[in-house]
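I opened a new page for this chain.

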Amino acid sequence: SLIDPANFVPKLIRVVTPIEIREPISQEVQIAEETGTAFGSTLDMDVGTLIHQYLEAFASDGLEAWTAERISALQPRFARHLSSLGHEAETVATAAAIVHDTLQNALRDDLSRWILGPHGDAGCEVPLSGLANAEDTDEISATDFQRHVIDRTFIDDNTRWIIDYKTLRIDYPQDLDAVLKAKAESYRPQLQRYAALYAHEIAQGLQIRTAIFFPAHGKLIEL
């Protein structure tokens, strides 16, 4: 359903321990062929990369440019791409269906649409660099910097959101929220590093909030 981004309140699953902010030092999607090979990646990795690319297209093109029919028409293309990376034919059809179902869910889910919709200072797959060791800044070389790519970030209601996508799909769990919370918690250090890259915005009056988004399940877990 369509939502009003100005009034939408995301339903969050909150992990209790707060994140520590350290002061810093429209054409069809062009699938990146170099992102995986039969030798350099797994099928899960390549499925995740494909989903990331199309979520970026949703946000960049505008959600109104994408329909359920358009995504369904692309499912054979997903399969061809995965086959071109060397994956076995018997697994490709299932993997392409996962890509299709995840994107369809992202298109119709209100929380997904809020994340991917228009916002201030928004970006997808944002490349940033920061010092790997912020304590020793006397002698700095290029090798001291760590490169990061942030899946989705934007400002909403005086808050800088930093969101990382995890594209796994869990079938029939007894307690889905608990499983996803535990999975999200393992990425807390990563999100702390991302938050540090935006810590200068605290002085500008913004709050920093970080979360893991599971698009296959429409769940946003704040850390």
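**Overall order**

I read the elements of the protein chain from the N terminus as β-α-α-α-α-β-β-β-α-α-β-β. That comes to 6 helices and 6 strands. Helices (H or I, at least four residues) and strands (E, at least two) are DSSP runs, numbered from the N terminus. The model is predicted, so I noted that local features need pLDDT of at least 70, side-chain atom pairs count only at pLDDT 80 or more, and totals for chains, interfaces and linings use all residues. Residues are numbered from 1 along each chain as its sequence is written, and side-chain values use heavy atoms, without hydrogens and water.

I looked up burial next: 46% of the 223 residues in the protein chain are buried (under 20% relative accessible area, with a 1.4 Å probe, protein chains only).

**Helices α1 and α2**

How do the axes of α1 and α2 cross? I found that helix α1 (residues 43-61) and helix α2 (residues 68-84) have axes that come within 12 Å and cross at roughly 140 degrees. The axes are lines fitted to C-alpha atoms over the stretch in contact, with angles from 0 to 180 degrees between N-to-C directions. From α1, the contact (heavy atoms within 4.5 Å) includes L50, Y54 and F58, and from α2 it includes L74 and F78.

**Strands β5 and β6**

I noted that β5 (residues 207-214) and β6 (residues 219-222) pair in the antiparallel sense over 4 bridges; pairing needs at least two bridges found by DSSP. A211 has E222 in β6 as its bridge partner. The hairpin has 4 residues between the strands, and G218 there takes a positive phi near 65 degrees.

Technical notes:
Buried means under 20% relative accessible area, exposed over 50%, partly exposed in between (1.4 Å probe, protein chains only).
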